[in-house]
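Here is a short report on one protein model and its ligand. Look at the structure first, then read on.

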Amino acid sequence: MKMVPLEIRDLAECIQLSQRSDPFSWPDDIWRRSLRDDHCLGLVVGGELLAVAAFSLVLDELSLLNVVVDRSARRQGLGRQLLIEGVEWMQQFGALRCVLEVRVSNSSAIALYRSLGFAEDGIRKNYYPLEGGRENALLMSADLPLAVD
Ligand SMILES: CC(C)(COP(=O)(O)OP(=O)(O)OC[C@H]1O[C@@H](n2cnc3c(N)ncnc32)[C@H](O)[C@@H]1OP(=O)(O)O)[C@@H](O)C(=O)NCCC(=O)NCCS
């Protein structure tokens, strides 16, 4: 298993992974823009891209924009490993703190972030579109390096 920086040539693989594994998959143009302008990292296992994460960095504040693990490879620690290694990777560019937003209904992602030491900072009301309405975002943050248990 190895972590690799992703580039625009990885667009099709990112879109495929995201569409088959994330119920709120990013549209193709967001993936294209993120691969071009942000820091996207992937975990390759046996030659296959099984997890992706996208970060942006403004001054010393890192934002986790997205993380997706292949549906067939969940609960094997890939999400956790990619975020630990990804955040470490971003520290070399000056990241001192990491922030994120997550749907309040996304209990698996919230559990993952808590396991990495992220604390809850508040709620952003009606932030996400949801069929038939809107959904709140939970705001979370952690100082770096992560205090991983
Ligand atoms: C959230 C997601 C990235 C987790 O990936 P994963 O590789 O399955 O997570 P890990 O195996 O690394 O889990 C690490 C820890 O997170 C927590 N966790 C992860 N999934 C969980 C679940 N379904 N239920 C409860 N806890 C969960 C557990 O504490 C877990 O440790 P444990 O397995 O030792 O109990 C994955 O479910 C996913 O891709 N979801 C769809 C996309 C998404 O919602 N991304 C978040 C956008 S903000």
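Leu 59 sits in the loop between strand 3 (48-58) and strand 4. Helices (H or I, at least four residues) and strands (E, at least two) are DSSP runs, numbered from the N terminus. Leu 59 is not a glycine, yet its phi is positive, about 55°. A cis peptide bond joins Leu 144 to Pro 145, with omega about 0°.

This is a predicted model: local features need pLDDT of at least 70, side-chain atom pairs count only at pLDDT 80 or more, and totals for chains, interfaces and linings use all residues. Residues are numbered from 1 along each chain as its sequence is written, and side-chain values use heavy atoms, with hydrogens and water left out.

Now the ligand. Around it are 20 residues, and Val 67, Val 69, Gly 77, Arg 80 and Asn 106 come nearest. Here, near means that a heavy atom of the residue lies within 4 Å. The table lists polar contacts, where a polar contact is a pair of N or O atoms within 3.5 Å.

| Residue | Protein atom | Distance to a ligand oxygen atom |
|---|---|---|
| Val 69 | backbone N or O | 2.8 Å |
| Arg 75 | side-chain N or O | 2.9 Å |
| Asn 106 | polar side-chain atom | 2.7 Å |

Taken alone, the ligand exposes 920 Å², and the protein buries 73% of that. These accessible areas come from the Shrake-Rupley method with a 1.4 Å probe.

Which elements give two or more residues to the shell around the ligand? They are strand 4 (61-69), helix 3 (78-91), strand 5 (97-103) and helix 4 (107-115). Helix 4 gives the most, with five residues.

The ligand takes up the space of the largest pocket. A molecule sits in a pocket if more than half of its atoms lie within 2 Å of the pocket's grid points. On a 1 Å grid over the protein atoms alone, a pocket is an open set of points where a 1.4 Å probe fits, with protein on both sides within 12 Å along at least five of seven lines; lining residues have an atom within 4 Å of a point.

The largest pocket has a volume of about 1500 Å³, counted as the space filled by probe spheres set on the points. Of its 48 lining residues, Asn 66, Val 67, Asn 106, Ala 109 and Tyr 113 are the closest to its centre. Strand 4 gives the most to this lining, with seven residues.

Notes
A polar contact is a pair of N or O atoms within 3.5 Å; within protein, one must be able to donate a hydrogen and the other to accept it, and residues adjacent in sequence count only if both atoms are side-chain atoms.
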